[in-house]
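I opened this structure for the first time today.

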Amino acid sequence: MSEVTEYVPDDYLIGTPVTTRATIKTGETFPARTPLMFDATDTAALVKWDGTPGKAVAMSARNVTDTGSDQLSTIYTQGGFRIGFVNWPDTVITEKAKRAAFLGSAVYVDDEY
């Protein structure tokens, strides 16, 4: 007798994601699915997105906890995500602002499949 396993995709995905590892700047702590942008003083490191339209370039794939130094973490560099599953900054409340976050990047958000 064989066992059959049915694949059920994660609810937050609406497009095929692409991941890689990137440097997260020292002092950053955030949950998975947080929009990320390049740090203004060290463009080789990523930090939480500040809410400026078009500045988000990736999204965290894992929870990040400050380790006291820069660290490598898995991020999404491409793909579609449902708006309600993204961990938006408290200052970003409108759907318009959320849709504008990733303009110009290979990441997008929507509320439908």
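**Entry 1: the cores.** I looked up the largest nonpolar core and found 17 residues in it. A nonpolar core here is a set of buried Ala, Val, Leu, Ile, Met, Phe, Trp, Tyr and Cys residues joined through side-chain atoms within 4.5 Å. Buried means under 20% relative accessible area, exposed means over 50%, and partly exposed is in between (1.4 Å probe, protein chains only). W49, M59, F81, W88 and F102 have the most contacts inside this core. Strand 5 and strand 6 each supply at least two of its residues. Another core, of 8 residues, lies apart from it; F30, L36, A58 and I75 are among them. I noted the general rule too: in soluble globular proteins, nonpolar side chains tend to be buried together.

**Entry 2: ground rules.** This is a predicted model, where local features need pLDDT of at least 70, side-chain atom pairs count only at pLDDT 80 or more, and totals for chains, interfaces and linings use all residues. Residues are numbered from 1 along each chain as its sequence is written, and side-chain values use heavy atoms, with hydrogens and water left out. Helices (H or I, at least four residues) and strands (E, at least two) are DSSP runs, numbered from the N terminus.

**Entry 3: strands 5 and 6.** How do strand 5 and strand 6 run, and how many bridges join them? They run parallel, joined by 4 bridges. Two strands pair if DSSP finds at least two bridges between them. I picked out F81, whose bridge partner in strand 6 is V109. Next I listed the contacts of F81 (heavy atoms within 4.5 Å). Leaving aside neighbours within four places in sequence, F81 touches residues including Y12, L13, M59, V107 and V109. Then I checked the faces of strand 6. V107 and V109 form the covered face, Y108 and D110 the uncovered one. In a regular strand the side chains alternate between the two faces of the sheet.

**Entry 4: S73.** I found S73 in strand 5, which covers residues 71-82. Is S73 buried or exposed? S73 is buried, at 8% relative accessible area. Beyond its neighbours within four places in sequence, S73 is in contact with T20, R21, A22, I24, R62 and V64.

**Entry 5: salt bridges.** I searched the whole structure and got 4 salt bridges. Each is a side-chain nitrogen of Lys or Arg within 4 Å of a carboxyl oxygen of Asp or Glu. E95 bridges to R99, with the closest N and O atoms 2.8 Å apart. Both lie in helix 1 (residues 95-100), 4 residues apart, about one turn of the helix. E95 is partly exposed at 41%, and R99 is partly exposed at 32%. R99 also meets D110, at 3.1 Å from N to O. D110 lies in strand 6 (residues 107-110) and R99 in helix 1, so this pair ties together parts 11 residues apart in sequence. D111 forms a salt bridge with R99 as well, at 3.5 Å. D111 sits in the segment after strand 6, so this pair ties together parts 12 residues apart in sequence. Shared partners join E95, R99, D110 and D111 into one network.
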